[in-house]
Each structure stands twice: as structure tokens, then as C-alpha cells.
Amino acid sequence: MIDMTKWAKIAAENVNKRDMAPGRLSGKIAIVTGSAQGFGKGIAEILYAEGASVVIADLNDALAATVAESLGERAYAVKVDVSNEDSVADMVAKTVERFGGLDLLVSNAGVLKAGSLTELEMRDFEFVTKINYTAFFACVKYASVIMRAQFEADNNWMGDIVQINSKSGLSGSNKNFAYAGGKFGGIGLVQSFAMELAPINVKVNAICPGNYYDGPLWSDPERGLFVQYLNAGKVPGAKTVEDVKKFYLSKSLIQRGCLPSDVAKAIMYAVEQTFETGQAIPVTGGQNMLH
């Protein structure tokens, strides 16, 4: 494990020194991984608007810097490769260096590659798993060092870890097993981390969004899921991307895609409540219901 002693000490010394901008998250210091675009960008914007200081953490550092600049002085861009342990530790260290601590980790960075058992290569499966599952462990490992130090400095401090999971973490996904498997595993990590970190006042929850059709994950004309699913034959009878989109829209009781604002509301709930941890909260318009 990379030595975080210096940064833990700084965080402990600054646990009660926060930029108290107005909003429901006033004084919170947050990291949002994968926040240069898509869900992550929308989440970061809303957290910032609610008073949090936000680290825009993304592999695309140029785009992350643009997002941070557009938000204001309480936003800070950090380049991170969440599949690399050193890079994750550096992200946490730079957060403490810039803002003095860490109160909320939103583990949002994710990738997807669809395909059948006969099509998907082992390297693709391992890549998806490394980003969607293993990276969550790395982020929590290093964030929790800082959070533990803050709790030990002030037992009234409370922190949060939120994994942006998926409806595919609640039910299987045909010809999308690498993604679904990693997301199912993520909920297992959420529950296990919740047990371990509850004694230091850290709540760990997952948000399981429905499909964000307007984001690049779905709508990119070359690599988006609409195109991937059409090519993989995931939607029987679909001849066009529009056919695939109509099929997915029909699955939700509230017939629209999930938006970053929907996910941000669930994150706000997870942070503001003080009596819920280890949960997987669906935000799917009724497509997935808890049993």
C-alpha cells in the first residue's frame, strides 16, 4: 500500500476547516471519478451548485480542466487512471493537498463492452472488470485512509462513499455479462465496505441508475451502446439504432432516460440521511423494483 501518512495527517488537522459555500452540501469535499463528461459531469455540477468543493477526476485531463474551470474556484481537475493504484493514491493526495480533506467519494468512472460469449475476448472482459470492479476497491482503499484520520480527529465527522452502479447490478444483462458481472460484484463490495467502515462514521451506498440515453455511453455514433447493441443483436428484430432506443424506452414505467439530476438527488439522499448504509438504491423509472 502506498504511504498516505502525510495526507492523513493534513486531513486530520483540517477536519473542521472547510469552505462553507451555501447549499445542502456546504463544507463537503468531494471526488467524482469519470466526471469530465456524461453522468459524472452532471453529478459534479450539481454537487458544486449545492456548496461542495469538487475534484473533477478523469483520465481526460484536458476535458476535466475545462469542466473545473467552468464551475469555479471550488472545482479542481485531477488526471486519474482508476485502474492504476498509484494514480488513485495520487488523486486522493492531490485532493487533500488542494482542499484539506475528503468527505464524499463518488466512484462513477466506468466502461462497457457488449458481446456474446463467442464474441467477447478475455482482454475485453478483464478491461471492463478492472475499471468497473477492481478500481472501486482501489478508490475506497485510499479514500478510507483519509476518512479514518478525519474521524479519529473528530468523532462527530461523517463521510460517504457512493458507487454509481447500474440497473445491471440488480438483474442480469443479455450479451452484456462483463458489465453486469462487475456491477453485481460492486454491490457486494458496497455491502462489505459498509460493514467495515461504519465504525468510523462512513456510510457506503450504491446508486443504480437506469439508462442515460443522452450521454456518450449510449449515444456516441460509433462506440455507443445503441450501436453496440444493434450490432450484437441484443434487441431481437431491431434494424436501426432508433429501434434499439424505442425498445429500451419501453422498459421504463416513466418512459424517458435517467438523467444526471435524477442520480444526484439519490446521492443527496445517501449523504443527508444518517441511518442507511450498504444499500443499492435504484433510480430506474420503475424498470427495476426491489424485492
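Predicted model: local features only at pLDDT ≥ 70, side-chain atom pairs only at ≥ 80, totals over all residues.
Visitor: Which residue just after H8 takes a positive phi?
Guide: Gly233, with a phi of about 70°. Local features need pLDDT of at least 70 and side-chain atom pairs count only at pLDDT 80 or more, while totals for chains, interfaces and linings use all residues.

Visitor: OK, back to H8. How many of the residues of H8 are buried?
Guide: Six of the eight in 225-232, so H8 is largely enclosed by the rest of the structure. Buried means under 20% relative accessible area, exposed means over 50%, and partly exposed is in between, with a 1.4 Å probe and protein chains only.

Visitor: Which ones are buried in H8?
Guide: Leu225, Phe226, Val227, Gln228, Tyr229 and Ala232. They pack against helix H7 (216-219) and H9, where contact means heavy atoms within 4.5 Å.

Visitor: Zooming out, how many helices and strands does the protein chain have?
Guide: Ten helices and seven strands. The chain's radius of gyration is 19 Å, close to the 19 Å that the globule rule gives for 291 residues, so it is as compact as a globular protein of that length. That radius is taken over C-alpha atoms, and the rule is 2.2 Å times the number of residues to the power 0.38.

Visitor: What does the C-alpha trace span along its principal axes?
Guide: About 60 × 40 × 35 Å. Of the 291 residues, 54% count as buried. Among contacts with a separation of 6 or more, 70% come from residues 24 or more positions apart.

Visitor: New topic: which residues of H1 are buried?
Guide: In H1 (residues 5-13), Trp7, Ala8 and Ala11 are the buried ones. They cover an arc of only 100° around the axis, which puts them on the same side of H1; the arc is that of the directions from the helix axis to the C-beta atoms.

Visitor: And what do the buried residues of H1 pack against?
Guide: Helix H4 (85-99) and helix H5 (122-153). The face turned away from that buried side carries the exposed residues Thr5, Lys6 and Lys9.

Visitor: Which residues make the nonpolar surface patch?
Guide: Leu253, Ile254 and Met289, giving about 350 Å². Ile254 sits in the loop between H9 (241-249) and helix H10 (260-272), and counts as exposed at 52% relative accessibility. Patches take residues with over 30% relative accessible area and no salt bridge, joining like charges within 9 Å and nonpolar side chains (Val, Leu, Ile, Met, Phe, Trp, Tyr) within 5 Å. A salt bridge is a side-chain nitrogen of Lys or Arg within 4 Å of a carboxyl oxygen of Asp or Glu. Areas are Shrake-Rupley with a 1.4 Å probe, and for residues only the protein chains shown count as cover.

Visitor: Last one: where does Lys175 lie?
Guide: In the loop between strand E5 (159-164) and helix H6 (177-197). Lys175 has a positive phi of about 55° although it is not a glycine, and Lys175 is partly exposed at 27%. Asn201, in the loop between H6 and strand E6 (202-209), has a positive phi near 65°.

Terms used: Residues numbered from 1 in each chain as written. Heavy atoms only, no water. Helix = DSSP H or I, 4+ residues; strand = E, 2+ residues; numbered from the N terminus.
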